[in-house]
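Here is a short briefing for a first look. Keep the structure open while reading.

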Amino acid sequence: MRAEQWMRVAVMCVLCVAVFAGCRSKKNVATNGDVLAPTDVAQGDVAMQGQRFGEGQRITDPEAQIETVKFAYDSYSVEKGEMAKVEKAAAFLKKYPEVHLVAEGNCDERGSNEYNMTLGEQRALAVRACLVGMGVDGTRIQTRSFGEEKPANPAHNDAAWAENRRVEFAFFR
Amino acid sequence: MKRMMAGVLIGLVASVVMGQQVDVRIVKQGSLRKGISVDGLAASGGMASLFRKTLEGDLGRSGYFEIVPSGRGMVSVAGNCQDLGGSLSLVCQVRGVADNRVYLEKNTRQASDTARYQAHILADEIIKAVLGKTGLSGTRIVFIGNIGGRKNLYVCDADGQGVQQITRDGVPCLAPAWGRDARTVFYTSFVGGYPDLYRINLGNYSRTRLLSFPGVNVGAAISPDGGRLALTLSKDGNPDIYVVDASSRQTTRVTRTPTCAEASPSWSPNGQQLVYVSNKARLPHLYIASASGGPERRLTYQGSENVEPDWGSDGRIVYSSKRGGRYQLCLATTGGEGEQLTSDGYDHEDPSWAPDNRHVVYTKTGGYQSSLYVFDTEEKTEVKLTGLGGNCYSASWSPR
């Protein structure tokens with residue numbers, strides 16, 4: 001009897017672990033490399049709010065100074081090594097429910113200005129999708145792409161370009 | 001080279017045989033420029049000289065004429081242009097050299113500060129009277145100028161002169177495009193903090209914000225009938241092509257691609273299709289779809305990137321293709337990719353057709369310096385648009 005009970009408990013434990021592990025990986029699983037496509041996040045293809053939300057006050061506290069997410073050339077995949085930054089942003093948003101985020105996408109100077117506006121936007125949307133996948137309400141996050149118009153580093157070399165391919169976290173209250 | 005030599009030989013023989021000094025310059029494609037002389041037009045005074053210089057430039061730049069000394073060529077412009085202080089007097093005749101036929105005559109007195117404008121008008125009148133063609137001299141080009149990091153909209157004449165600064169806010173702006181007349185420009189500006197679509201009236205410089213959806217509002221192109229705008233919006237979660245009704249502002253979604261971005265739409269001449277850029281195949285390529293939505297067809301396969309299409313009114317699409325690490329100008333039709341127009345070691349981007357369907361204004365970049373050039377698709381030559389300072393790019397050629 002006792003052995004049976006223990007067996008049952010053990011099986012339940014294994015099942016629970018399996019179920020929870022499955023849930024966790026389902027939320028964070030990437031279909032396109034390391035990025036979460038908007039259709040894969042919990043709320044599906046979440047349209048942004050009908051109105052652009054008024055920005056309110058930009059939060060400049062040290063806690064809100066989260067490192068920018070960097071991207072590979074011509075890519076909008078959030079790479080594994082960058083995910084920790086996104087997790088920090090998610091934690092910040094969960095800690096302060098009144099805060100909303102504008103994810104700002106940027107590109108390096110190479111290529112079409114117009115195409116880079118959309119690539120920057122895809123980068124911002126990818127970060128947004130990750131955050132939604134981590135449990136943040138999508139209506140709290142909007143995007144702003146600067147394309148190649150707002151470089152962090154104006155130099156014309158690989159190091160500068162790598163710095164410019166980024167998403168910045170702009171939190172507002 | 002051989003063909004050119006043969007052409008020159010034929011030309012020489014022909015001129016000997018015809019017993020006249022008919023100067024005809026044979027260029028690569030076998031297209032013939034007609035010789036025209038303008039030095040028979042006496043010019044006294046600063047504005048008169050400017051008038052004649054502008055006229056010569058317009059006639060040569062049209063691609064139809066070559067400036068030759070008087071006594072030669074097919075057509076002569078002769079007479080007297082005088083700068084009388086506040087006014088410019090113009091008395092001239094445009095005649096055929098061989099038959100002395102009068103194509104047109106002018107006898108005007110107008111404000112001298114309109115000298116260049118008057119020259120543009122006369123150049124187009126000569127092209128119309130002699131050749132029956134519609135010239136470009138009176139058209140204009142809108143572009144972005146980056147001077148010391150400040151980006152603004154500028155407009156200049158088709159010859160690069162007469163530069164006017166349209167905006168002064170100096171904030172990032174992009175993708176200017178003309179409306180159906182030569183007085184309205186649509187463009188995307190960050191003046192409100194976000195990439196929103198604006199319309200500027202060049203007459204009174206008034207600016208109206210048209211679209212400010214969340215996300216991007218970029219790359220507007222007006223339909224041939226002026227009733228609709230195509231552009232990229234990302235308000236529904238992803239950058240896609242939308243068509244917006246110009247009066248009702250109602251939006252129709254054209255592409256539905258949840259994981260890829262579309263940009264840079266351009267209308268077909270009949271207003272029923274759009275060519276645009278998509279990164280569906282990971283790197284950007286050109287696709288064509290119906291403007292009301294529906295299945296898309298991939299157009300480009302060559303080069304590592306294909307961007308910035310402009311669909312001309314004769315059906316040819318000019319675009320920028322990255323080949324061997326450099327962006328080159330290329331042509332295509334709905335039937336597929338066509339010839340590569342440029343091949344030097346510079347980047348050639350953002351092409352825009354002139355309304356003559358022959359010339360293309362584009363951005364040439366070398367060493368991170370960008371200038372505007374005009375490419376002649378017939379003669380395969382190019383001319384730099386001078387008179388512009390700083391870094392200039394994203395040019396769009398006005399309708400007539």
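At what angle do helix 2 and helix 3 of chain B pack, and how far apart are their axes? The angle is about 35 degrees, and the axes lie 8 Å apart. Bear in mind that this is a predicted model. The points below start with that helix pair, then turn to domains, sheets, the chain contact and confidence.

**The helix pair in chain B**
- Helix 2 of chain B crosses helix 3 of chain B in the right-handed sense.
- From helix 2 of chain B, the contact draws on B:Met47, B:Leu50, B:Phe51, B:Thr54, B:Leu55, B:Asp58 and B:Leu59.
- From helix 3 of chain B, the contact residues include B:Ala115, B:Arg116, B:Gln118, B:Ala119 and B:His120. B:Leu122, B:Ala123 and B:Ile126 of helix 3 also take part.
- By type, the residues of this helix contact are ten nonpolar, three polar and two charged.

**Two domains in chain B**
- Domain 1 of chain B covers 2-6 + 17-131, and domain 2 of chain B covers 141-397.
- Their centres, taken over C-alpha atoms, are 34 Å apart.
- Ten residues from domain 1 of chain B and ten residues from domain 2 of chain B make the contact.
- On the domain 1 side, helix 2 (46-61) and helix 3 (115-131) of chain B are the elements that give two or more residues.
- Helix 2 of chain B supplies the largest share of that side, with three residues.
- The domain 1 side has one nonpolar residue, five polar and four charged.

**The sheet in chain A**
- Chain A has an open sheet of four strands in the order 1-4-2-3, with mixed pairing.
- Strand 1 (69-70) and strand 3 (141-147) of chain A are the edge strands, and each pairs on one side only.
- Strand 1 and strand 4 (residues 166-172) of chain A run antiparallel and are joined by two bridges.
- Within that pairing, A:Val69 has A:Val167 of strand 4 as its bridge partner.
- Helix 3 (residues 113-133) of chain A lies across strand 1, strand 2 (100-106), strand 3 and strand 4 of chain A.
- The helix runs at about 155 degrees to strand 3 of chain A.

**A sheet in chain B, and the helix on it**
- Strands of chain B form an open, antiparallel sheet in the order 18-19-20-21.
- Strand 18 and strand 21 (297-298) of chain B each have a single partner strand, so one side of each is left without a neighbour in the sheet.
- Four bridges pair strand 18 of chain B with strand 19 (residues 273-278) of chain B.
- B:Glu262 stands opposite B:Ser278 of strand 19.
- Helix 3 of chain A packs on this sheet and touches strand 18 and strand 19 of chain B.
- Its direction makes about 140 degrees with that of strand 18 of chain B.

**Where the chains meet**
- The contact takes 32 residues from chain B and 30 residues from chain A.
- On the chain B side, strand 10 (173-178), strand 14 (217-222), strand 18 (262-267) and strand 22 (305-311) each supply at least two residues.
- Strand 22 of chain B gives the most, with three residues.
- The chain B side divides into 17 nonpolar, ten polar and five charged residues.

**Confidence in chain A**
- Chain A has an average pLDDT of 79, and 68% of the residues score at least 70.
- Over residues 13-47 of chain A, pLDDT stays under 50.
- For residues 13-47 of chain A, the model has 52 contacts beyond four places in sequence.

Note on methods
Residues numbered from 1 in each chain as written. Chains lettered and ligands numbered in written order. Predicted model: local features only at pLDDT ≥ 70, side-chain atom pairs only at ≥ 80, totals over all residues. Pairing = 2+ DSSP bridges. Contact = placed C-beta atoms within 7 Å. Axes fitted to C-alpha atoms, helices over the stretch in contact; angles between N-to-C directions. Domains from an automatic or database assignment. Nonpolar A, V, L, I, M, F, W, Y, C, P; charged D, E, K, R; others polar. Left-handed = near helix turned anticlockwise from the far one by under 90°. pLDDT = per-residue confidence, 0-100.
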